[in-house]
Amino acid sequence: MSQANSNPKVWATRWTFILAATGSAVGLGNIWKFPYMTGVNGGGAFVITYLICIALVGIPIMMAETALGRHGRHNPIQTMFELAKENGASKNWGIIGIVGVLSGFLILSFYSVIAGWSLSYMVDGVSGVFPSLQGDAAGEHFSALIASPGKLILYHTIIMGFSAFIIARGIHEGLEKSVRFLMPALFVLLMLLLGYSAFTTGYFMEGIKFLFVPDFSKITSEAILAGMGHAFFTLSLSMGAIMAYGAYMPKDAKIGSTIVTVAFFDTFIALVAGMALFPIVFANGMEPASGPGLMFISLPAAFGQMAGGSIFGTLFFALVAIAALSSAISLVEPAVAWIIERFPVNRAMATIIVCALVWLLGLASVFSFNIWSEIKPFGKTIFDWLDYVTANILLPLGGMAIAIFAGWVMKKEIMEKELSLSHGGFTLWRWLIRIISPLAVFIVFLNSIS
Ligand code: PHE
Ligand code: NA
């Protein structure tokens, strides 16, 4: 293993981790959720909160999860149980793995529905309707889509079907291709969109100001909680996804620098998406706080005005759906891996069980946009609740538990060896993981409760 540089197989494995982790991280969270959350939460102050959380909480926990996964070498649930035992701690730490897999399950149920919206817009692109989606028509088109349970179920079913197919076959092949070729393609299209926003909308500076000039009067404790929750969501933390993929890493690959790279890339994509989207939003007189429909209302209008926009638009929504698919896979994999190791069923059967259950739960999100839209316990629809409970409660709490486990329970030598940071880097990581991250989560929680 020590001749990693001359051994292509080891490099291939390290590369596989980077591809898999990037595939998991980059998804709807960057392109759909980050811009709309920024819009709802008032812009720059939210973005700063989110960036601080990525740096102080997200990256240290992402490193910890990868290291735990590589050290445990099992599905996340079993890994947590075994690491607890190895380090002489209570079995109860295993609950982190269980809650994580459960959160992944809940997230996927609505994630798949939103990925379905993207498929629907891909079809719209093919049928050439973007040029007609100007002004109010864009919003009406989106409203018509989410008002149709039949359409939403159809696309949700296609996304879950594809996910099941890829997972049942084993994730490497499909995943590697999608990330190695299609992610760069998505990136190029995003840059193109950014160019369009910068040179033709005439509202580029408004967009930049909205994103980067903080108005701290807009920052509520709810917005801070949302920014922190989104840091977990966008880096795929707390639900075993990154832990499960950590097992792919060869022993001598450097976790520290690898994770910084993945997190940087994820953040960069989100910021580019925001910089591309908001000028279009302002140029078309749309409301930044429109909520989950923001990208689906604003982008078709832009594609409709662009030369070759139907082709670019079709491609763009197709690539967003694929990016969502590679994230969806990482949400199912931990549960499937756990079922296979724990019960006498094969991979295909485990996949069918998990995906069928997720599909069924997804119907609740589908209906919460139409026939159940009036069912709003405490002011939120079922979709809103699933999103809120996972991103704002389960992920941060799970992350805090992982931080405490990695910082206080795991033996220092093990973490030091796994992370292979510089001496100063490790000291910094340890401060962050033992004190700063858990404290940050705790304070943000306390604040939003009171
Ligand atoms: N990180 C993904 C995104 O930003 C979503 C995700 C969350 C994927 C949790 C896996 C696990 O779109
Ligand atoms: Na992300």
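At what angle do helix α3 and helix α10 pack, and how far apart are their axes? This is a predicted model, in which local features need pLDDT of at least 70 and side-chain atom pairs count only at pLDDT 80 or more, while totals for chains, interfaces and linings use all residues. Residues are numbered from 1 along each chain as its sequence is written, with chains lettered from A and ligands numbered from 1 in the order in which they are written.

Helix α3 (residues 44-72) and helix α10 (residues 221-234) come together at about 45°, their axes 8 Å apart; axes are lines fitted to C-alpha atoms, for helices over the stretch in contact, and angles run from 0 to 180 degrees between N-to-C directions. Helices here are DSSP runs (H or I, at least four residues), numbered from the N terminus. On the α3 side, the residues that meet α10 include Phe46, Tyr50 and Ile54, and their partners include Ile224, Met228 and Phe232 (contact puts C-beta atoms, placed from the backbone, within 7 Å). This contact divides into 11 nonpolar, four polar and no charged residues; Ala, Val, Leu, Ile, Met, Phe, Trp, Tyr, Cys and Pro count as nonpolar, Asp, Glu, Lys and Arg as charged, and the others, Gly among them, as polar.

Turning to Gly207, this residue sits in helix α9 (residues 204-212). Gly207 is buried, as 25 other C-beta atoms lie within 10 Å (the cut-off is 20 or more, with C-beta atoms placed from the backbone; 12 or fewer is exposed, and in between is partly exposed). Beyond its neighbours within four places in sequence, Gly207 touches Ser197, Met275, Phe278, Pro279 and Phe282. Its C-alpha atom is 8.3 Å from that of Ile280, 73 residues away along the chain.

Notes
Helices (H or I, at least four residues) and strands (E, at least two) are DSSP runs, numbered from the N terminus. Two residues are in contact if their C-beta atoms, placed from the backbone, lie within 7 Å.
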